[in-house]
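Here's a quick walk through a few features worth looking at on screen. Have the sequence and the 3D view open side by side.

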Amino acid sequence: MSLHDRLLQEAKDANIDDDPEVQKYLKLVNLAPNDHVKKLYAKKLKALIRQHRSHPFPGEQSPVVPRSSINVGRGWKGGLVSLPVDDLTKHFLAVGQSGSGKTTLFYNLMSELDDLDIPFWAFDLKQDYRHLVKSEELDDILVLPVEKLRFNPLEAPPGVEQGDWLSAFMEVFCETQELLGGSDRFLDEHLHQFQNKKEGQPTLLNLRNYIQGLSVHPQRQGFQNRIRTSIGRLLRDAPHTFNVEQGYELEDLLQRNVVFEFGGLKKWTQNFLMEILIAWIYEYRKAQNHRGDGLRHVTFLDEAKTIFSVYKEKQVASGLPESDKKIAKVREFQESFIVADQEANKLTDSIKANTYFKVLLATGDAKEFRSIAESLKMDGLQKRWAKKLAVGDAVIQKGENEPVPVKLPDFDLEKDVTDDDLVSYMSEEWRDLSFQPIDSSISGHVEDSEQVDRSEQNSSKPAEEPELDVSERAERLVRDIVENPFRSVTERYEDFSSRYQGDKAKKELLDKELVEEKSAKVKQGRVKLFELTDRGEDVVEDLDVEFERSGRGGVVHRYWQHRVSDSLEEEGLNTVIEKSHADVYVNVDGEAVAVEVAMGRNDREVEHISDRLDKKFDRVVTLCRNESIKGFIENRISDIDVSTEQVEIRLLRQFLNRDSLL
């Protein structure tokens, strides 16, 4: 075999025989005037082949980046690798072993989307995403553990006919509860009869009782019992979630970053909740005709095999799983799904085929590696290279393009948000979520879990007299909380002989339910604050400490009132907190200005604007905690009769960081 033929075979083995540079050197080897020149060209060609073997991927893409794009990392030459946002509607799949960087990848994608004001939902089975509440990278995030979620799966999305929604519910219910054959036909027959007989909004509890009360032929009682049992186990597994006639306004939640925590639930309840919410999004978007080329919303799901399971796909009787059908159809409604899993071979062929972006991370199992590598259409050399991926390294493919290696960025976040921390971060948000329980005598707002527990205890036995005795160090801390309500915990601990002593005092106050811990998100992180409970106020009274709140609402709201007031005072303006009900009153060149601090997405923030103008303020400046609240108020402002020249809606953080505030 000639030197030319040997080199050609080596190039073919490396899968670069059609490369223009390879073709050039092969031609020069043939045309070389002597052996010395021929060997020089052969040496250069062999170096090119070796280089490709060590890094068998094409060069980085053009530096031209789409106007609206997200960065996923850096290529092997250091250039940014970006994905067009609009292409995300074709969906995104990542596969890698535990610890390979999937969660970090999701964190970064969520942050990129948040910067573009594109909201997302995340279905969380391992409490991975609650920690984002303390991240400075995301502006607004709502975490809903399943016990805080209120959702009636029989309540149709806005614009969807009740009968059409019941059909969608039936498909999801039967698939997730593995009810095939006669059971689904039995439910289909009786579900619409139930709709016609039920007055008002039907619920899962109504449906279970209706199915249970049916008089059916003995041969069909097996179907009846299976359906009744399946509904019953959903109600038992998530009683707080389904015990409502009207759940949260999911239409509003689609405008927010929301983490749904479904860990700890039985598999059938997890799958039902995730798939019915996917169906809800699809039916809602379709009814609202939200078609278009842009991206409205993204849904994240790790552990994708929970609903995109190959075992469902193999059940011939059921055909293509409902979840896969919805994923294929929802893309035209400006919705994206970003999913990940450890086990590619357990995912449906449909989800692997219908994802435009595919990412391979470090994968230890050979079978799993082959499954995703084949999906990325990597050649032999690329597969050998990709088997050595380290944590944080990935290979990404866009459509039919060549796969490219990427170094994923880190995301600085400690996973240390406990259940108690989550209550501190989220309790005010939960209270602002409205719903209608089945029992109309129950409050229509989510209560703090500790309050719920106490109310249940009080209903079953007489309340015990609270223990009001506190230690000397706890007394010192509670006095400081009253006298200096907005000091940080670090500053308070400086009054103790050690941080340990300060921590003991705080734990005592929390254990005796004398204070609740809250936090305010600031540029440098979070300021931890304390709110006195009713018990705590009793202790303060017994200690003969003067107690007077300055400002309105909870301690976080009052903290921001004082921050705003102090900033205006530093600018040489005179301010008064709570004058004529304004959060902060300030006189600016003879104009009476009301500065309002908006902490949540609720109509009372809009009503405050109208009220202040009615009270003869010349202007109202509303400062919003985040972009989501700002957008909410801007959308609602047209509902009230006010002059837009008298109203300004700003972000709180931008207001505080400006040289000239008003």
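## Helix 5

Helix 5 covers residues 162-176, which makes 15 residues. From first C-alpha to last, helix 5 reaches 21 Å, close to the 21 Å expected at 1.5 Å a residue. Bear in mind that this is a predicted model.

Is helix 5 mostly covered or mostly open? Mostly covered: 11 of its 15 residues are buried. Among them are the aromatics Trp165, Phe169 and Phe173, and the buried set also includes Leu166, Met170, Val172 and Cys174. Just after helix 5, look at Glu178, which takes a positive phi of about 55°.

## Salt bridges across the chain

How many salt bridges turn up in a search of the whole structure? The count is 40, and a few are worth a click.

Start with Asp432 and Arg604, whose closest N and O atoms are 3.6 Å apart. Asp432 sits in the loop between helix 17 and strand 13 (436-437), while Arg604 belongs to helix 24 (residues 603-614), so this pair ties together parts that are 172 residues apart in sequence. Asp432 is partly exposed, with a relative accessible area of 27%, and Arg604 also counts as partly exposed, at 41%.

Next up is the salt bridge between the side chains of Glu531 and Arg558, at 2.6 Å from N to O.

Arg619 is in strand 19 (residues 619-624) and Glu591 in strand 18 (residues 591-598), 28 residues apart. Why does Arg619 count as buried? Because its relative accessible area is 12%, and buried means under 20%. Glu591, at 31%, counts as partly exposed. Elsewhere, salt bridges that share partners join Lys126, Asp128, Asp302, Glu303, Lys305, Asp341, Glu343, Lys346 and Lys415 into one network.

## A negative patch

Which residues form the negative surface patch? They are Asp115, Asp117, Glu136, Glu137, Asp410, Asp412 and Glu414.

Asp410 is a handy one to pick out: look in the loop between strand 12 (404-407) and helix 17 (419-431). Asp410 counts as exposed because its relative accessibility is 73%, and the cut-off for exposed is over 50%.

Definitions and conventions. Residues numbered from 1 in each chain as written. Predicted model: local features only at pLDDT ≥ 70, side-chain atom pairs only at ≥ 80, totals over all residues. Heavy atoms only, no water. Patch = residues over 30% accessible without salt bridge, like charges linked within 9 Å, V, L, I, M, F, W, Y side chains within 5 Å. Areas by Shrake-Rupley, 256 points an atom, 1.4 Å probe, with all protein chains shown as cover. Salt bridge = Lys/Arg side-chain N within 4 Å of Asp/Glu carboxyl O. Lys, Arg positive; Asp, Glu negative; His and termini not counted. Charge placed at Lys NZ, Arg CZ, Asp CG, Glu CD. Helix = DSSP H or I, 4+ residues; strand = E, 2+ residues; numbered from the N terminus. Buried < 20%, exposed > 50% of the residue type's maximum accessible area, 1.4 Å probe, protein only. Expected span 1.5 Å × (residues − 1).
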